[in-house]
Amino acid sequence: MELTHYEAAERYLNAVMNGKTSIPLKSWKAERDKLNGGKKELTRQYYALKDEVKEVEQIRRNVYRILREENGIEQPIREYEFDR
């Protein structure tokens with residue numbers, strides 16, 4: 001299993017290196033920093049959207065609760081009209 005992982009890593013590095021002998025640490029670190037910055041921004045957006053969804057769900061529940069209460073009040077009137 002370890003040999004298979006080693007060979008896969010070797011194939012990957014050979015493909016990425018394009019014949020170079022040294023590992024391009026500077027460009028990899030720059031890419032890592034760029035990706036980490038993007039991750040932080042996406043995480044911030046996620047939490048903002050999560051809070052917004054929570055507020056919308058609360059509004060939706062309140063609207064349904066109000067509609068149920070209104071229907072509960074109107075329900076006996078409708079029954080009375082049907083009984084005539």
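Y12 sits in helix α1. Helices here are DSSP runs of H or I with at least four residues, strands are runs of E with at least two, and both are numbered from the N terminus. Is Y12 buried or exposed? Y12 is exposed, because its relative accessible area is 53%. The cut-offs are simple: buried means under 20% relative accessible area, exposed means over 50%, and partly exposed is in between, with a 1.4 Å probe and protein chains only.

A quick word on what you're looking at: this is a predicted model, where local features need pLDDT of at least 70 and side-chain atom pairs count only at pLDDT 80 or more, while totals for chains, interfaces and linings use all residues. Residues are numbered from 1 along each chain as its sequence is written, and side-chain values use heavy atoms, with hydrogens and water left out.

Now step back to the whole chain. The protein chain has two helices and zero strands. Of its 84 residues, buried ones make up 1%. Its accessible surface comes to about 8,300 Å², and carbon and sulfur atoms account for 58% of that. Such areas come from the Shrake-Rupley method with a 1.4 Å probe, and for residues only the protein chains shown count as cover.

Let's stay with α1 for a moment.

Together with L13, V16, I23, L25 and W28, Y12 forms a nonpolar patch on the surface, with about 540 Å² of accessible area. Two elements, α1 (2–17) and α2 (25–83), each give two or more residues to this patch. The largest share, three residues, comes from α1. To join a patch, a residue needs over 30% relative accessible area and no salt bridge; nonpolar side chains (Val, Leu, Ile, Met, Phe, Trp, Tyr) are joined within 5 Å, and like charges within 9 Å.

On to the charged side chains. Side chains of opposite charge can pair when their charged atoms come close. How many salt bridges does the whole structure hold? The search finds four, counting a side-chain nitrogen of Lys or Arg within 4 Å of a carboxyl oxygen of Asp or Glu. One of them joins E41 and R44, at 2.6 Å from N to O. Both of these residues lie in α2, three residues apart, or about one turn of the helix. Another links E69 with R65, their closest N and O atoms being 3.2 Å apart. E69 and R65 are about one helical turn from each other because they are four residues apart in α2. Why does that spacing work? An α-helix has 3.6 residues a turn, so residues three or four places apart point the same way. R32 and D33 also meet in a salt bridge, at 3.3 Å from N to O.

Finally, look for the rings. The structure holds one aromatic pair. The rings of Y46 and Y47 have centres 5.1 Å apart and planes at 70 degrees, so they pair edge-to-face. Rings of Phe, Tyr and Trp (its six-membered ring) pair if their centres lie within 6.5 Å; planes under 30 degrees apart are stacked, over 60 edge-to-face, and the rest tilted. Y46 is partly exposed at 48% relative accessible area, and Y47 is partly exposed at 46%.
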